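User: Hey, I'm new to this one. Can you walk me through it?
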Amino acid sequence: MARIELKGVAKRYGSVEVLRDIDLAIGDGEFIVLVGPSGCGKSTLLRMIAGLEPITGGDFFIDGTRMNDARPRERDIAMVFQSYALYPHMDVARNMGFSMEIRRRPQSERANRVKQAAETLGLSALTERLPRALSGGQRQRVAMGRAIVRDPRAFLFDEPLSNLDAALRVEMRLEIARLHKRLGATMIYVTHDQVEALTLADRIVVLDGGDIQQIGTPLELYERPANKFVACFIGSPTMNVVPATGQGGTLTLKNGTQVALPHTADLDRAAELGVRPEHIDLVDAEDADLTGTVDLVEHLGSDTNIYVNIDNVGMLMVRRRGNAPNRSGDRVFLRLQRENTHVFAFDDSALGHVSVKAA
Amino acid sequence: MSQIRTHPLATIGKYTALALYLAFALLPLYWLLKIAVTPDRLIFTDGVELWPSELTTDNFRSVLFKTDFLAYFGNSLFVSLGTAAATTLIAAGAGYAFSRFNFAGKRIIIAVMLVTQMFPLLMIIAPIYRIVANFGMLNSLTSLIVVYTAFNIPFATFLMQSFFDGIPKDLEEAAMMDGCTRFQALRKVIFPLTLPGLGATLGFVFTAAWSELLFALMLISKNDAMTFPVGLLTFVSKFSVDWGQMMAAGVLALIPSCLFFIFIQRYLVQGLTSGAVKG
């Protein structure tokens, strides 16, 4: 178990700056998910925590001890790789026990720990197999087993599920959640999949372009995104964003529609209005903010996605519970849920929300 | 479900081509063996007959017991094994560095190594002779090992580098996360996976050194330091060529090469790394 702290951590390759001024304090036993589009620096940050990538600026602490220059073995952190990175010439048991073999722990202790881990992960029947004789899901389990056998101070996961098929991914996601609950260990998990992020994390760190965009619990990010990037990145389907101008507590869309938002601060700085598909209601003509024509309808069973072409504004996506009867070509009337709207300024920051944005 | 059938003629054609190629490639070896077991007096009368009219082991016996062949053989073995070991060791280290590290001058070193492979060896025989002579190392087997090692390192390094490149970096990093130092990761994880590469390099360098004639001829003139290819020439005397014994010696000289390859071929079997990462 460990507290991990990053203060102003940066990463530079020559003159290229990949990570800037990262401040992050991870509590003991916390499950942190680093999420962001590819190239945002999330894997680099994880590798810097692991000790596989030199830290070129700032300070890095584990349990209060500065560890910037400590080698991976001195940090006592386990890592699960995206490629699993199982040792092909060792059987499952030796793969899992390798860290203890290196540390010269007694054979009996090693065998015990491996047996325990194998049982927890349902690998008992496979301990004598070589990695090449395992399926993708089994390899994934062995990789996790290798991490838990040695009881490290913290666990790192680098997109561990991205090589698995959809069904297996859900199963392994649950497995990881259970593992965290049982071990209560500090875990840092990198993914580009927001579903994994939202379901697993205690707190999510959203990265983009080498900067932390926002740190918060899954609900905080969903309900109070700090900026347009986070708003659009978190939540599926993605948020509708349309141009708007604000004046005196009222927001005006391009087609002249006025939406009163008295609780949004600084509305004069408004540039765009964001509203999630699930926060737009279909209403009768007299209550409507907007009128439009249904362009396309997607039936998902539990929900229906309706793409509505709003006159002079553009396309909005509306999500309705259940199987909605709307058909393409229908005229529909929409009302935005006032309490769930987001207003963004010209610099893409969100207005009127308590911002947790770092630096 | 109908299987795709190949036309019988295509099959016949394929095997004919294979047979022709094999005959072409193996005929000289067969001829070597044939002359080795043909009694001397029949070599010219038998001419191009495929099968000797009489078989004998006299040639082998006289090569083994009446000539210095065994000494040449031992010298060759010493030089070839020494070269193979030294070259592979250095090439493995260099190949690992080229594959895993970025350092100043890496591209230049690689370019220079490539350049050394462009010149015909004939051009540098004289300077090499002078250098070796100045060191007082003429007629020593060590000089051969040094020279052969120097010549083989570039190619062997490229070979080893490509084997290291084929081993995912993740494996080392996983090992280091598991508590290994870089060297431990190399020894316990990377080295066992490089065995096929080491085997191939060893085999390649061994055969190259085993059959090298030019430098051995230049640098060695004393009988007791002769390697086998130089020794073969002693069967050519001023007035006659002892074909039978020469061929018998040649057959014997093939044995270590063959044994060596039989020994390492199991390491050459690929697919050892499958299952390491996503398959």
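User: What does the domain assignment of chain B give?
Analyst: Just so you know, this is a predicted model. For chain B, the assignment gives domain 1 at 8-56 and domain 2 at 67-268.
User: How many Å separate the centres of those two domains of chain B?
Analyst: Going by C-alpha atoms, the centres of domain 1 and domain 2 of chain B are 32 Å apart. Their contact takes seven residues from domain 1 of chain B and six residues from domain 2 of chain B.
User: Which helix gives the most on the domain 1 side?
Analyst: That's helix α1 (residues 8-36) of chain B, which gives four residues to the side of domain 1 that touches domain 2. By class, that side of domain 1 of chain B has five nonpolar residues, one polar and one charged.
User: OK, switching to chain A. In what order do the strands of the open sheet come?
Analyst: The order is β2-β1-β4-β5 in chain A, four strands with antiparallel pairing.
User: Which strands stand at the edges?
Analyst: β2 (16-26) and β5 (65-66) of chain A do. Each has a single partner strand, so one side of each is left without a neighbour in the sheet.
User: And over how many bridges do β1 and β2 of chain A pair?
Analyst: Strand β1 (residues 4-13) of chain A pairs with β2(A) over seven bridges, in the antiparallel sense. For a specific pair, R12(A) has E17(A) in β2(A) as its bridge partner.
User: Now helices. How many residues does α4 of chain A have?
Analyst: Helix α4 (residues 107-120) of chain A has 14 residues. From first C-alpha to last, α4(A) reaches 20 Å, close to the 20 Å expected at 1.5 Å a residue.
User: Which residues in α4(A) are buried?
Analyst: R110(A), R113(A), V114(A), A117(A) and A118(A) are buried. They cover an arc of only 135° around the axis, so they sit on the same side of α4(A).
User: What do the buried residues of α4(A) pack against?
Analyst: Against α3 (92-102) and α5 (136-149) of chain A. The face of α4(A) turned away from the buried side carries exposed S108(A), E109(A) and E119(A). Just after α4(A), G122(A) takes a positive phi of about 70°.
User: Last topic: how many residues does the contact take from chain B and from chain A?
Analyst: It takes 23 residues from chain B and 23 residues from chain A. On the chain B side, α8 (169-177) and α9 (182-210) are the elements that give two or more residues.
User: Which one gives the most to that side of chain B?
Analyst: α8(B), with six residues. The residues of the side of chain B that touches chain A divide into 12 nonpolar, seven polar and four charged.

Terms used
Residues are numbered from 1 along each chain as its sequence is written. Chains are lettered from A and ligands numbered from 1 in the order in which they are written. This is a predicted model: local features need pLDDT of at least 70, side-chain atom pairs count only at pLDDT 80 or more; totals for chains, interfaces and linings use all residues. Domain bounds come from an automatic or database domain assignment. Two residues are in contact if their C-beta atoms, placed from the backbone, lie within 7 Å. Ala, Val, Leu, Ile, Met, Phe, Trp, Tyr, Cys and Pro count as nonpolar, Asp, Glu, Lys and Arg as charged, and the others, Gly among them, as polar. Two strands pair if DSSP finds at least two bridges between them. The expected span of a helix is 1.5 Å times one less than its number of residues. A residue is buried if 20 or more other C-beta atoms lie within 10 Å of its own, exposed if 12 or fewer, and partly exposed in between; C-beta atoms are placed from the backbone. The arc is that of the directions from the helix axis to the C-beta atoms.
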